[in-house]
Amino acid sequence: GPVLHFLADPGEGDDPACWQYFEDGALLIENGLIRRCGTWDAVLRDLPNTTRYTARLFDYHGKLIMPGLIDTHVHYPQMRVMGAFGRQLLDWLNEHTFPAEESFADPRVADATASFFLDRLLANGTTTASVYGTVHAHSVDAFFRAAQARKLRMLCGKVMMDRNCPTGLRDTAATSLEDCSALIERWHGKDRLRYSVTPRFAITSTPEQLQVAGELFRSRPDMHLQTHLSENLDEIRFVQQLFPDSKGYLDVYDRFGMLGRGAIYGHGIHMSEAERARMAETESAIAFCPTSNRFLGSGLFDYPASTAAGVKVGLASDVGGGTSLSLLRTLGAAYEVGQSLGQVLSPWRAWYLATLGGAKALALEDRIGNFAEGKEADFVVLSLQSPAELQFRAEYTTRIDERLFALMALGDDRSVHATHVLGECVHKALS
Ligand code: GUN
Ligand code: FE
């Protein structure tokens, strides 16, 4: 079937050298890894004839095969607060989010939610995500067990928070160091799992705890870190009160050694040019959360300004602040944010953002993000036949760029025909 993947960011100019599209394409997969991606004829011609293959064939004629989608920032314990009515970030956290996370004191809640969450990710074509647990270490055990059973490439970390939150959700600098160290020992680098050091944000951690977070992040070269940055104006004012000596929000994290390759910051809406330059220089990334930023009224993220400054950007649902696990819907929202700013998010750049852009933002581009030889064969098969409005629209045009755009403007989980992990089909639509 048709195959599309990206080799680099097509940029503002939609440089066609940055993607490969094979109308009559094929993927050759061996032991769960991409062996060859190209036209059907080329892939067949190159089949090594010295080896006897017992091959299985998946025919996705009339569909569109793309690398598995990558959600660079999402909270699995917040599945039950998606779409919660109310005010902006800080009130939303206190009224809805913290109570939901408190229910994870019960490990059975964590187990049940982790399984439901991962099955919904796969139904939405998302095969890798950078995921927040709760403050409870067992929330991360539950998540990694469920991810390991599904053979997924996943990042997760225990939320660290030792102030400005309910007592039931509070750890300390010392206990968080102990818990994170044990989790890293247990899970980091096992199968396709990676640990991500996860201080919630500057408001909920003491300087002592941020110090621990920075040390854990720098303790191994392949360690990840995730937190929130410059999402909401009240949040930014509170951070300035708590850290009066810092030059700005990013500087708080910078002083504790939390910037670097593998570090990803959620939101990054209200940023100065100096802060963007500092992120670029340190190879830190931003997770663009368009549905969440609109739902919580946080502001409009300037994607072109960030990439122009050289900052790596990934796409993110940020559920439960975000309103959908679907990265198709999230791309639609990203496009609408661009429109509000007088910018255009082209379909090429959009699908780059949801695939290879996310892999780069998570420092996983050596493993996933496109169909380069040797990468892990996680992919999504998209259908232009569902929902019916998308089908009706897609029948009106044969242009691939128009169809890619229709998918992100009108598509959702109904447009996910199948999802494959390491070559194996793990989700198939009923129709
Ligand atoms: N800032 C700190 N915690 C959170 C959270 O859970 N969601 C969002 N959107 N922002 C946050
Ligand atoms: Fe978030």
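Colleague: What makes the largest nonpolar core here a core, and which residues have the most contacts inside it?
Modeller: A nonpolar core is a set of buried Ala, Val, Leu, Ile, Met, Phe, Trp, Tyr and Cys residues joined through C-beta atoms within 7 Å. This set has 124 residues, and L27, F143, A213 and F288 have the most contacts inside it. Helix α13 (residues 347–361) gives the most, 9 residues; helices here are DSSP runs (H or I, at least four residues), strands likewise (E, at least two), numbered from the N terminus.

Modeller: Mind you, this is a predicted model: local features need pLDDT of at least 70, side-chain atom pairs count only at pLDDT 80 or more, and totals for chains, interfaces and linings use all residues. Residues are numbered from 1 along each chain as its sequence is written, while chains are lettered from A and ligands numbered from 1 in the order in which they are written.

Colleague: Why does this core lie between domain 1 and domain 2?
Modeller: Domain 1 (3–67 + 370–428) and domain 2 (69–361) both give residues to the core, so it lies between them. The bounds come from an automatic or database domain assignment.

Colleague: Why does N164 count as partly exposed?
Modeller: Buried takes 20 or more other C-beta atoms within 10 Å of a residue's own, exposed takes 12 or fewer, and partly exposed is in between, with C-beta atoms placed from the backbone. N164 has 18 such neighbours, so it's partly exposed. L422, with 17, is partly exposed too.

Colleague: What is the phi of N164?
Modeller: Positive, about 55°, although N164 is not a glycine. Most residues other than glycine have a negative phi.
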